[in-house]
Amino acid sequence: MAGKRYDCIARLNGNTLEAILFSACETFNKECCGILLGKQYSNILDINAAFAYQEIDRYQKYVIYDNKKIKKIHEIVKNVGEEEILGEFHSHINDGNIKPLSPSSTDIENMEIGNIEIITTIWRKKRFRKLVMRKGIITGCFGNFFVRVACFMKVGKKRYVRCPLQVKGLEVS
Ligand SMILES: [Zn+2]
């Protein structure tokens, strides 16, 4: 995509962050997946809404969706809303080993260049830690879960960069 910038900051409002986190908690211990809507201004991605896909098959390590149904949603966004599709979000279930927070090779394959993917790594809470922002990554407890949320943008066939997140009102640590 010509003119797209890759060195982006992904700005979320509190409601959108909650939608992403509720979705990850709801489907635990299976993955969730949904769409991110918003607008891009230069190197700022304003993520205004997140909607979980409902008609998908969820598994612990992946989801399967019907491309026709997803296309239908994308058409509606293009025709009705003023928002653009910025990308998608999904969750990674953590089995106790803290894996590096990054998209899998399948995740990268399925993304479009210039699109973002917000990934929530989620596992059961062991002890309480406040939800904070640390170096553009959200980390801490949400309900009975521990979550770590980061945003990635595909910049080449197999390449991605991490876009720091910004959430208004979330304590920076
Ligand atoms: Zn993934």
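Which residues are exposed on the other side of α1? The points below take up this question and then turn to the rest of the structure, which is a predicted model.

1. Helix α1 comprises residues 14-27. Its 14 residues should span 20 Å at 1.5 Å a residue, and its end C-alpha atoms are 20 Å apart, which agrees.

2. Within α1, the buried residues are Thr-16, Leu-17, Ile-20, Leu-21, Ser-23 and Ala-24. They cover an arc of only 155° around the axis, and therefore lie on the same side of α1. Gly-14, Asn-15 and Glu-26 answer the opening question: these residues are exposed on the other side of the helix.

3. Helix α2, residues 67-80, also has 14 residues. From first C-alpha to last it reaches 20 Å, close to the 20 Å expected at 1.5 Å a residue. The number of buried residues in α2 is 0, so this helix lies largely in the open.

4. Strand β7 covers residues 116-124. Because 7 of its 9 residues are buried, β7 is largely enclosed by the rest of the structure.

5. Strand β7 pairs with two strands that may be examined in turn. With β6, residues 84-93, the pairing is parallel and extends over 7 bridges; here Ile-93 stands opposite Ile-122 of β7. With β10, residues 145-154, the strands run antiparallel and 9 bridges join them. In this second pairing, Ile-119 is found opposite Ala-150 of β10.

6. The largest nonpolar core has 34 residues, of which Ala-10 and Ile-116 touch the most other members. Strand β10 supplies the largest share of this core, with 7 residues. Apart from neighbours within four places in sequence, the contacts of Ala-10 are Leu-45, Ile-47, Ile-116, Cys-151, Cys-163 and Leu-165.

7. Lys-168 is located in the segment after β12 (165-167). Is this residue buried or exposed? Lys-168 has 9 C-beta neighbours inside 10 Å, and therefore counts as exposed. When neighbours within four places in sequence are left aside, Lys-168 is in contact with Asn-13 and Gly-14.

Conventions: Residues are numbered from 1 along each chain as its sequence is written. This is a predicted model: local features need pLDDT of at least 70, side-chain atom pairs count only at pLDDT 80 or more; totals for chains, interfaces and linings use all residues. Helices (H or I, at least four residues) and strands (E, at least two) are DSSP runs, numbered from the N terminus. The expected span of a helix is 1.5 Å times one less than its number of residues. A residue is buried if 20 or more other C-beta atoms lie within 10 Å of its own, exposed if 12 or fewer, and partly exposed in between; C-beta atoms are placed from the backbone. The arc is that of the directions from the helix axis to the C-beta atoms. Two strands pair if DSSP finds at least two bridges between them. Two residues are in contact if their C-beta atoms, placed from the backbone, lie within 7 Å. A nonpolar core is a set of buried Ala, Val, Leu, Ile, Met, Phe, Trp, Tyr and Cys residues joined through C-beta atoms within 7 Å.
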